[in-house]
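This report walks through one model, from a surface patch to a pocket and then to charged pairs. Please keep the structure in view while reading.

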Amino acid sequence: MSHPGGPIVAIAFHSGYGHTAVIAEAVARGATGAGAEVVSISVDTITDEQWAQLDGADAIVFGAATYMGTASAAFHAFAQASSKRWFPHAWVDKLAAGFTNSGAKSGDKSSTLGYFATLAAQHGMHWISLGLLPGWDSTQGSEDDINRLGFFLGAGAQSPTDAGPEAVHPSDIATAEHLGARVARQAAIFRAGRTALAA
């Protein structure tokens with residue numbers, strides 16, 4: 001799908017209890033603010049039309065909560081269904097990025113982000129990292145620092161297991177907004193490069 005304006009960033013995510021949806025919304029705000037057209041897709045209810053939107057996007061950001069050391073079962077079902085895109089190389093050379101959330105500060109979120117990166121690699125996509133130094137890593141830092149959990153591969157968030165989506169930490173929201181903006185900017189560069197080469 002060709003889009004004459006800014007790049008198209010799709011967010012393909014699963015949220016079991018609403019916390020990860022808050023992070024997905026933050027990624028969308030960041031991407032929109034950086035000039036992208038954003039499509040948000042809850043993968044547990046994905047339609048044929050939404051699959052086509054993923055096919056037409058310049059970048060796909062994968063997101064899910066980390067359960068038992070990996071992405072949710074609903075996200076894994078989506079990933080397996082994406083094999084129909086793998087065979088014809090439908091997502092080759094798209095950009096990809098990821099975010100995840102768990103109840104613990106670490107919670108083995110790196111495993112989930114690594115899984116997203118592997119999924120992207122199998123599709124021949126280009127992975128976009130978070131691009132931030134870690135926050136809250138000195139006596140002068142605080143949990144209000146952006147990237148307070150210190151992830152590099154993607155955006156990590158921590159939400160208390162006994163609180164609702166309103167308890168998602170503002171720093172994690174800001175970190176997700178940063179990721180969305182970074183993906184949008186990189187997608188714009190890739191789109192401009194392809195346009196220049198075609199000319």
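## A nonpolar patch

Y17 sits in the loop between β1 (8-14) and α1. Strands (E, at least two residues) and helices (H or I, at least four) are DSSP runs, numbered from the N terminus. This is a predicted model: local features need pLDDT of at least 70, side-chain atom pairs count only at pLDDT 80 or more, and totals for chains, interfaces and linings use all residues. Residues are numbered from 1 along each chain as its sequence is written, and side-chain values use heavy atoms, with hydrogens and water left out.

Y17 counts as exposed because its relative accessibility is 65%. The class limits are under 20% relative accessible area for buried and over 50% for exposed, with partly exposed in between (1.4 Å probe, protein chains only). Y17, Y67 and M68 make a nonpolar surface patch of about 440 Å². Patches are made of residues with over 30% relative accessible area and no salt bridge; nonpolar side chains (Val, Leu, Ile, Met, Phe, Trp, Tyr) are joined within 5 Å, like charges within 9 Å. Accessible areas come from the Shrake-Rupley method with a 1.4 Å probe, and for residues only the protein chains shown count as cover.

## Two positive phi angles

M68 belongs to the loop between β3 and β4 (70-71). M68 is not a glycine, yet has a positive phi of about 55°. M68 is exposed because its relative accessible area is 85%.

W136 also has a positive phi of about 55° without being a glycine. The loop that holds W136 runs between β6 (126-127) and β7 (155-158). W136 counts as partly exposed, at 37% relative accessibility.

## The largest pocket

How big is the largest pocket? Its volume is about 210 Å³. Of its 15 lining residues, the closest to the centre are Y17, H19, Y67, N101 and G103. Elements that give two or more residues to the lining are α1 (19-33), β3 (59-67) and β5 (95-102). The largest share, three residues, comes from β3. By type, the lining has four nonpolar residues, 11 polar and no charged.

The search uses a 1 Å grid over the protein atoms alone. A pocket is an open set of points with protein on both sides within 12 Å along at least five of seven lines, whereas a cavity is a set where a 1.4 Å probe fits but cannot get out. Lining residues have an atom within 4 Å of a point. Points are joined across faces, edges and corners, and a volume is the space filled by probe spheres set on them. Ala, Val, Leu, Ile, Met, Phe, Trp, Tyr, Cys and Pro count as nonpolar; Asp, Glu, Lys and Arg count as charged; the others, Gly among them, are polar.

## Salt bridges between helices

A salt bridge is a side-chain nitrogen of Lys or Arg within 4 Å of a carboxyl oxygen of Asp or Glu. The count comes to five salt bridges. One of them pairs R29 with E177, with the closest N and O atoms 3.0 Å apart. R29 lies in helix α1 and E177 in helix α6 (residues 170-198), so the pair ties together parts 148 residues apart in sequence. R29 is partly exposed at 43% relative accessible area, and E177 is partly exposed at 28%.

R85 and D55 meet in a salt bridge too (2.9 Å, N to O). R85 lies in helix α4 (residues 83-86) and D55 in helix α2 (residues 48-56), so this pair ties together parts 30 residues apart in sequence. R85 is buried, at 16% relative accessibility. D55 is partly exposed, with 27% relative accessible area.

## A linked network

Which residues are linked in a network of salt bridges? They are E143, R148 and D172. The side chains of E143 and R148 meet at 3.7 Å, N to O. E143 counts as partly exposed, at 35% relative accessibility. R148 is buried, at 4% relative accessibility.

## Two loop positions

D145 is in the loop between β6 and β7. D145 is partly exposed, with a relative accessible area of 25%. D145 and A176 are 31 residues apart in sequence and 13 Å apart in space, C-alpha to C-alpha.

V168 is placed in the loop between β7 and α6. V168 is buried because its relative accessible area is 5%. V168 and E37 are 131 residues apart in sequence and 25 Å apart in space, C-alpha to C-alpha.
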